[in-house]
Structures are given as C-alpha cells and as structure tokens.
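Here is a friendly note to read alongside the structure. Please keep the model open and follow the points in order.

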Amino acid sequence: MTSSASMSPSRPDDAPRPRRADAERNRAKVLAAARALFAEGGDSVSMDEVAHRAGVGIGTLYRHFPTKEAMIEAAAQQRFGEIVEYYRTSCRETAQEAPLEALHLLLTHIGEVEARDRGFASVVEGTLGSEGPPSEMRADLEAELVDLVGKGQAAGTMRPDLAGADILAITCGLTAIVHRRTGDWRRYIDIVLDGLRSS
C-alpha cells in the first residue's frame with residue numbers, strides 16, 4: 001500500500017510561491033516610481049507619493065523599505081547595476097576588437113543616464129555621499145574595466161600606465177560635470193579618450 005507521504009507530489013519547499021513573485025513585482029514598481037519621482041522633484045518627494053505613484057499601499061512600501069534612505073540606496077544600486085549590464089551587453093563584445101570604442105560607448109551611456117536623472121542623482125549624493133552605495137556591482141564594473149584596459153594595452157591602443165581604477169575615477173569626473181553643469185560632458189569624454197591613447 002502506498003503511504004500518504006509517497007503520494008505527495010512535491011515537498012512544501014518545491015511549491016510555487018505567488019506571494020514572493022507579487023512582492024518582487026511590488027518592489028520593482030516602488031523602485032521605478034521612486035527613481036522617476038526623485039528625478040522630477042528631488043529630495044522633497046515623500047514616501048506617500050512614491051507609494052501612490054507605484055500603486056501600492058504605504059504598508060507594502062514600508063515592508064520593502066523601512067526608511068527613505070533604504071529605498072534611495074536600493075534605487076541607486078539598481079541603476080548602477082543597469083550600467084554594469086549595459087557594459088556587458090553593449091560594450092564587452094566591442095572591447096574585443098576596439099577597446100577605446102567600447103569605453104566611448106560606456107562613458108557616453110553614463111553621461112546620458114546622469115543627464116536624464118540629475119534630480120535623482122542629487123538625492124543619492126545627498127543621502128549616501130558622492131561615492132554612492134557600496135556594492136558588489138562597483139567591484140564588478142571595475143573588473144570589467146580592468147579587462148578592458150588589459151585588452152587595450154595588449155593591442156597597443158591604450159597607454160601602458162593606465163589602470164582600471166583610473167577609468168572609475170574618470171567616470172566620477174564625468175558625473176560631476178553632468179550634475180553641476182560645469183562644461184560639455186561629451187567634449188570631456190573626447191578629451192579624456194585622447195589622453196588614454198598610447199603614443
């Protein structure tokens with residue numbers, strides 16, 4: 001006779017968890033709303049406004065993000081992760097044959113993102129400091145840039161004293177120019193890339 005335990009189709013741990021999927025969708029909606037609202041209104045945006053824009057209850061928002069600072073940090077990490085993903089999907093292959101062109105693509109993308117999100121970027125800096133959120137994604141991007149620089153140096157197109165950390169510093173300069181409107185950030189990229197070329 002088959003036991004009732006053996007007739008069970010699966011363990012409880014194997015069962016689908018629709019609540020978790022719903023929670024992930026709600027979290028994504030909150031972050032999208034937060035980024036849009038902060039880009040529009042800066043630091044004056046309230047948690048209630050974010051919940052309303054996201055179409056969730058204020059209790060749902062607080063379950064995901066107990067403080068405004070936690071929400072800002074998560075949104076900043078999400079945006080940084082998108083930049084890393086852009087490099088991997090749109091620049092990494094180009095880097096195989098044309099590292100400087102790949103770097104130009106990345107820096108231009110960062111400039112466009114920062115120009116579009118000036119209000120949000122200001123909120124992030126005011127909340128988390130100029131370095132933004134510490135995360136594995138920053139290390140991931142630096143690893144990609146180390147690889148990019150290595151390819152450029154092996155091809156003889158990038159100066160031999162260049163390091164991946166130098167490129168991160170260049171991105172910091174780029175974002176500062178965009179946020180403070182202190183110059184033409186596209187011209188900054190062109191000048192920087194000329195300086196990175198091997199003589």
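1. Let us begin with Glu142: once its neighbours within four places in sequence are set aside, Glu142 is in contact with Ala165 and Leu168. Please keep in mind that the model is a predicted one. Glu142 sits in helix 8, which covers residues 136–155. From C-alpha to C-alpha, Glu142 and Leu168 are 7.0 Å apart in space, while 26 residues separate them in sequence.

2. Helix 8 contributes Leu141, Glu142, Leu145, Val146 and Val149 to the contact, and helix 9 brings Gly164, Ala165, Ile167 and Leu168. Sorted by class, the contact of helix 8 with helix 9 has seven nonpolar residues, one polar and one charged.

3. Now follow helix 9, residues 164–180, to its meeting with helix 7. Here the axes of helix 7 and helix 9 come within 10 Å, crossing at roughly 115°. Which hand does the crossing of helix 7 and helix 9 have? It is left-handed. On the helix 7 side, Arg118, Ala121 and Glu125 take part, and they meet Val178, His179 and Arg180 of helix 9. The residues in this contact of helix 7 with helix 9 are two nonpolar, one polar and three charged.

4. While you are on helix 9, please look at Thr175, which lies in that helix. Leaving out residues up to four places away in sequence, Thr175 touches Ile110 and Glu114. Thr175 has a relative accessible area of 18% and is therefore buried, since buried means under 20%.

5. Next, the aromatic rings. How many aromatic pairs does the structure hold? There is one aromatic pair. The partners are Phe38 and Phe120, with ring centres 6.5 Å apart and planes at 25°, so the pair is stacked; planes under 30 degrees apart count that way. Phe38 belongs to helix 2 (residues 18–41) and Phe120 to helix 7 (residues 118–128), so the pair ties together parts that are 82 residues apart in sequence. Both Phe38 and Phe120 are buried.

6. A word on the cysteines. The structure holds zero disulfides. Cys91 has 0% relative accessibility and so counts as buried, whereas Cys172, at 38% relative accessibility, counts as partly exposed.

7. Finally, step back to the whole chain. Of the 199 residues in the chain, buried ones make up 36%. Taking contacts between residues at least 6 apart in sequence, 66% join residues at least 24 apart.

Definitions and conventions:
Residues are numbered from 1 along each chain as its sequence is written. This is a predicted model: local features need pLDDT of at least 70, side-chain atom pairs count only at pLDDT 80 or more; totals for chains, interfaces and linings use all residues. Side-chain values use heavy atoms; hydrogens and water are left out. A disulfide is a pair of cysteine sulfur atoms within 2.5 Å. Buried means under 20% relative accessible area, exposed over 50%, partly exposed in between (1.4 Å probe, protein chains only). Rings of Phe, Tyr and Trp (its six-membered ring) pair if their centres lie within 6.5 Å; planes under 30 degrees apart count as stacked, over 60 as edge-to-face and the rest as tilted. Helices (H or I, at least four residues) and strands (E, at least two) are DSSP runs, numbered from the N terminus. Axes are lines fitted to C-alpha atoms, for helices over the stretch in contact, and angles run from 0 to 180 degrees between N-to-C directions. A crossing is left-handed if the near helix is turned anticlockwise from the far one by less than a right angle, and right-handed if clockwise. Contact means heavy atoms within 4.5 Å. Ala, Val, Leu, Ile, Met, Phe, Trp, Tyr, Cys and Pro count as nonpolar, Asp, Glu, Lys and Arg as charged, and the others, Gly among them, as polar.
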